[in-house]
Amino acid sequence: VRWCERTGSQLMATFLLDQFCSYHTIKYDMNKSTDFTGQPIFSQLLSLLNQSIIKQSIREHKANRCYKKLFLWDHLVSMLYGIYTNCTSLREIQYGLEVCQGKLKHINLSRVPPRSTLSDGNKRRPAKVFGTIYQKLYNFYKHSIPDSRLKITVLQRLYILDSTTISLFKAILKPAGRKRKDGKSKGGMKVHTLLNANTNMPSFIKYTAAALHDQQFYKYIKELPDYSIIAFDKAYINYMQFDAFTKRNIFYVTRQKENANYISIEEFELPKDAQHILKDERIEVIYIVNKEEIKQQMRRVAVYSTQYQKAFVYTTNNFELTAVEVAAIYYNRWQIEVFFKKLKQNFPLTYFFGDNANAIEIQIWCALIALLLLEVTHKEHKSKMAFSILATIVRLHIMNYVDLSAIIETYKLKRKRIKSTAPSQSNY
């Protein structure tokens, strides 16, 4: 098998390995495992990268132009290896791949890029190439990763808007907030994210300095379908933008500011089966633009939360949804916080492979691509395994010849055995 791999006879190597495994499975009852496969786990994940998408991205951005050794595929594979294994430097990526010399054929990597070559690629190759790859992959897989937790049909049109800050040295990007007296302020990159609630994956991302206000992201949101719904927190409240959303047939749901200046125009009948709805009314908000007083009508819904023992007030420009649906839409805004936690917890962005903004953007895009590939694997196999457990298995066994689908199925059977042997509650 090793000789076939070295000579490039991949089909013969796979055939011999299958014959070897099947022979030993028949001969010895103690070895009934079918988890072994002809491809490492890393290769199985890379197979989800549609090659036509990679080629289209290369043509659009001329990504391989002026690169004699580090082609886009080599660059992408090396970065994904570093993301999945939580490498902290380019040196770790290089040495980690060099140890796997006999398995590089599986991932179509002819040679391991030296760390200096990777460093130059992170500095010079435009990060937009990796952003295009992510966007095309998202469009390709968005129908296969729906979130089954969404039970209200209106949430199929829901987008969630928020941002997260990644700390950097202040020499790279301007720090956020006020200047600290001790001079220890850090710079940061703000990742503005528009999350599709149906897939729980970002449909649009923009990187800016952390010092830039969140509302600056509005000018980049241009391609939302009609009658979409956007949920966001109070940091994005902008009445002029709300008026623009209404003219574009886009609905918004957000929290109301405590100091909002408004008058009540009309009160709607409260639902009898929802005692937690305190008020549902039409209001008129008054604000000043260029010393001119402008009035805008919107809907105000007050909801009492038994969990937090307090009332929350939401505003929207949609008068067709029920008050319960308005509250449910904002409640699902928490999905984006879960997404940020999943990204930072499983693919820590605490060590960067470059000291410039372009290298950091490339690493974040690659982390999102890695997250998307793992999410597709998790959803396509209908895995009951926690996402963090699957990410840990990939990190520890990334170059082992183990079938990911077999691991997931084994976990399902294990859960069934545990449930079947668990004592019944009625016996106590």
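The legends below accompany close-up views of a predicted model of one protein chain.

**Figure 1. Overview of the predicted chain.**
The chain contains 14 helices and nine strands. Of its 428 residues, 48% are buried. The accessible surface amounts to about 23500 Å², and carbon and sulfur atoms account for 53% of this area. Among contacts between residues at least 6 apart in sequence, 64% join residues at least 24 apart.

**Figure 2. Confidence along the chain.**
The mean pLDDT of the chain is 83, and 82% of the residues reach 70 or more. Confidence is highest in helix α5 (residues 72-84), with a mean of 96, and lowest in helix α2 (residues 10-27), with a mean of 51. Over residues 23-33, pLDDT stays under 50, and the model has four contacts beyond four places in sequence for this stretch. Where pLDDT is low, the predicted coordinates should not be read in detail.

**Figure 3. The largest nonpolar core, viewed around Leu80.**
This core holds 99 residues, of which Phe42, Leu80 and Tyr84 touch the most other members. The greatest contribution comes from helix α12, with 14 residues. Leaving out residues up to four places away in sequence, Leu80 touches Phe42, Leu46, Leu49, Cys366, Ile369 and Ala370. Another core lies apart from this one; it has 22 residues, including Tyr159, Tyr239, Tyr252 and Tyr287. In soluble globular proteins, nonpolar side chains tend to be buried together.

**Figure 4. The two faces of helix α7.**
Helix α7 spans residues 115-124, and its buried residues are Leu118, Gly121 and Asn122. These three lie on the same side of α7, because they cover an arc of only 100° around the axis. The face turned away from this buried side carries Lys123 and Arg124, both of them exposed.

**Figure 5. Strand β9 and its two partners.**
Strand β9 (residues 310-316) is mostly covered, with five of its seven residues buried. With strand β8 (residues 292-305), β9 pairs in the antiparallel sense over seven bridges. With strand β5 (residues 251-255), the pairing of β9 is also antiparallel, over three bridges. In the hairpin of β8 and β9, four residues lie between the strands, and Gln309 takes a positive phi near 55°.

**Figure 6. Ile398, a buried loop residue.**
Where in the chain does isoleucine 398 lie? Isoleucine 398 belongs to the loop between helices α13 (387-396) and α14 (404-421). Ile398 counts as buried because its relative accessible area is 6%, and the cut-off for a buried residue is under 20%. Which residues are in contact with isoleucine 398, leaving aside its neighbours within four places in sequence? They are Pro40, Ile41, Phe42, Tyr81, Tyr84, Thr85 and Ile393. Two of these contacts, Phe42 and Tyr84, are also among the residues that touch the most other members of the largest nonpolar core. Ile398 and Thr85 are 313 residues apart along the chain, yet their C-alpha atoms are separated by 7.6 Å.

How values were computed
Residues are numbered from 1 along each chain as its sequence is written. This is a predicted model: local features need pLDDT of at least 70, side-chain atom pairs count only at pLDDT 80 or more; totals for chains, interfaces and linings use all residues. Side-chain values use heavy atoms; hydrogens and water are left out. pLDDT is the predictor's confidence in each residue, from 0 to 100. Contact means heavy atoms within 4.5 Å. Buried means under 20% relative accessible area, exposed over 50%, partly exposed in between (1.4 Å probe, protein chains only). The arc is that of the directions from the helix axis to the C-beta atoms. A nonpolar core is a set of buried Ala, Val, Leu, Ile, Met, Phe, Trp, Tyr and Cys residues joined through side-chain atoms within 4.5 Å. Two strands pair if DSSP finds at least two bridges between them. Accessible areas come from the Shrake-Rupley method with a 1.4 Å probe; for residues, only the protein chains shown count as cover.
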